[in-house]
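Subject: Handing over a structure, with notes on what was found in it

Dear colleague,

I am passing a structure on to you, and I would be grateful if you kept it open while you read the notes that follow it.

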Amino acid sequence: MGSQPDIRIVQSGQDWAYRASELILQASEEAIRARGRCLMALSGGSTPKALYQTWSNSDWKQRFDWHHIVFLFGDERCVPPSHPESTYAMAQTALFHPLGIHPSAIHRIEGERQDPVSAARDYELRIRALTNSAVPHFPRLDLILLGLGDDGHTASLFPGTEALQDQVHVVTVGHAPKGITLRLTLTLGVINRATMVLFLVTGTGKASVVRAVLEPRTVEEQGLPAAMVKPESGRLIWMLDHAAAAQLTGGQ
């Protein structure tokens with residue numbers, strides 16, 4: 001069945017960023033105590049960007065044990081790392097550079113490769129090496145941060161695509177319906193194996209899809225990619241602001 005979502009609803013702005021940061025700090029500290037490091041997969045988008053900026057411009061900079069956090073990525077567009085729509089480029093500008101994160105702690109997806117299948121394969125091999133996991137088992141990451149698209153996609157797992165059905169690979173090629181269509185993404189297999197999965201969602205524009213995912217009324221809504229994120233034994237937390245949670249009834 002997977003984990004039931006733990007839904008946290010707080011005020012927007014600094015209150016939301018503070019509460020989200022507290023959760024992430026706690027997860028990182030637990031992982032470091034247990035295993036000597038925290039393997040954290042980052043998400044792209046405007047909401048995570050605001051969170052990363054919070055960490056680099058406040059007392060959070062001193063509170064995290066950055067030397068024992070290893071950064072991975074949940075997905076990436078097939079673009080060079082300097083591209084303005086690169087998830088890595090955003091994280092580099094908003095997080096890695098301001099905090100002085102050593103390059104050895106950053107494992108980016110090589111979205112610029114001409115052959116995305118080989119890029120997916122090599123990123124999977126890198127994750128398996130970091131976690132000492134062999135096929136057919138899925139690696140366990142400590143924390144995966146996820147966003148939510150207007151169509152219910154998360155990472156680069158879009159409705160009706162082959163990537164969403166991939167039950168074999170850790171990393172696969174995804175296809176977006178618009179924008180930069182070719183993507184590389186973690187699969188549900190590894191997402192649902194994580195110790196903690198944290199959805200970061202804010203804003204009125206996400207209210208209807210948040211309701212569809214968390215309180216589905218149809219078979220189609222139950223099959224939305226974000227609704228299929230159900231960690232087997234880990235924690236599933238949705239960190240929402242009041243605007244994003246506005247259409248929830250609390251009746252689930």
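Before the first finding, one cut-off is needed: an angle between axes under 35 degrees counts as roughly parallel, and one over 145 degrees as roughly antiparallel. Please also bear in mind throughout that this is a predicted model.

The cut-off applies to helix α2 (residues 46-56) and helix α4 (residues 87-99), which pack at an angle of about 10 degrees with their axes 9 Å apart. The two helices α2 and α4 are therefore roughly parallel to each other. On the α2 side the residues that meet α4 are Lys49, Tyr52, Gln53, Trp55 and Ser56, and on the α4 side they are Met90, Ala94, Leu95, Pro98 and Leu99. Ser56, which lies in helix α2, is buried, with a relative accessible area of 10%. Apart from its neighbours within four places in sequence, Ser56 is in contact with Lys61, Ala94, Pro98 and Leu99.

Lys61 and Leu99 come up again around Trp66, whose contacts, leaving aside neighbours within four places in sequence, are Trp55, Trp60, Lys61, Phe71, Leu95, Leu99 and Ile101. Trp66 has its place in the loop between α3 (60-63) and β3, and with a relative accessible area of 11% this residue is buried. A polar atom of the Trp66 side chain lies 2.9 Å from the backbone oxygen of Lys61. Trp66 and Ala105 are 39 residues apart along the chain, and their C-alpha atoms are separated by 9.2 Å.

If residues up to four places away in sequence are not counted, Phe96 touches Leu42, Phe71, Phe73, Tyr88, Ala91, Ile101 and Ile106.

Leu42 leads on to strand β2 (residues 38-42), of which 5 of the 5 residues are buried, so the strand is largely enclosed by the rest of the structure. Cys38, Met40 and Leu42 point one way from β2, whereas Leu39 and Ala41 point the other way, and all of them are buried. On pairing, β2 and strand β3 (residues 69-73) run in the parallel sense over 5 bridges, with Met40 standing opposite Phe71 in β3. Strand β2 is also joined to strand β5 (residues 143-146), by 2 bridges and again in a parallel run, and here Ala41 stands opposite Ile144 in β5.

Ile144 is also one of the residues in contact with Val197, which has its place in strand β8. At 0% relative accessibility, Val197 counts as buried. Its other contacts, leaving aside neighbours within four places in sequence, include Leu146, Ile191, Val229, Pro231, Arg235, Leu236 and Ile237. Val197 and Lys49 are 148 residues apart in sequence and, from C-alpha to C-alpha, 17 Å apart in space.

In helix α8 (residues 207-214), 7 of the 8 residues are buried, so the helix is largely enclosed by the rest of the structure. The buried residues are Ala207, Val209, Val210, Arg211, Ala212, Val213 and Leu214.

Finally, there is an open sheet of 3 strands in the order β4-β7-β6, with antiparallel pairing. Its edge strands are β4 (75-77) and β6 (171-175), each of which pairs on one side only, and the twist averages 25 degrees from one strand to the next. Strand β6 is joined by 5 bridges to strand β7 (residues 182-186), and the two run antiparallel; the bridge partner of Thr172 in β7 is Thr185. Helix α5 (residues 116-131) lies across β6 and β7, and its direction is at about 140 degrees to β6.

With best wishes

Definitions and conventions
Residues are numbered from 1 along each chain as its sequence is written. This is a predicted model: local features need pLDDT of at least 70, side-chain atom pairs count only at pLDDT 80 or more; totals for chains, interfaces and linings use all residues. Side-chain values use heavy atoms; hydrogens and water are left out. Buried means under 20% relative accessible area, exposed over 50%, partly exposed in between (1.4 Å probe, protein chains only). Helices (H or I, at least four residues) and strands (E, at least two) are DSSP runs, numbered from the N terminus. Contact means heavy atoms within 4.5 Å. Two strands pair if DSSP finds at least two bridges between them. Axes are lines fitted to C-alpha atoms, for helices over the stretch in contact, and angles run from 0 to 180 degrees between N-to-C directions. A polar contact is a pair of N or O atoms within 3.5 Å; within protein, one must be able to donate a hydrogen and the other to accept it, and residues adjacent in sequence count only if both atoms are side-chain atoms. Angles under 35 degrees count as roughly parallel, over 145 as roughly antiparallel, 65 to 115 as roughly perpendicular and the rest as oblique.
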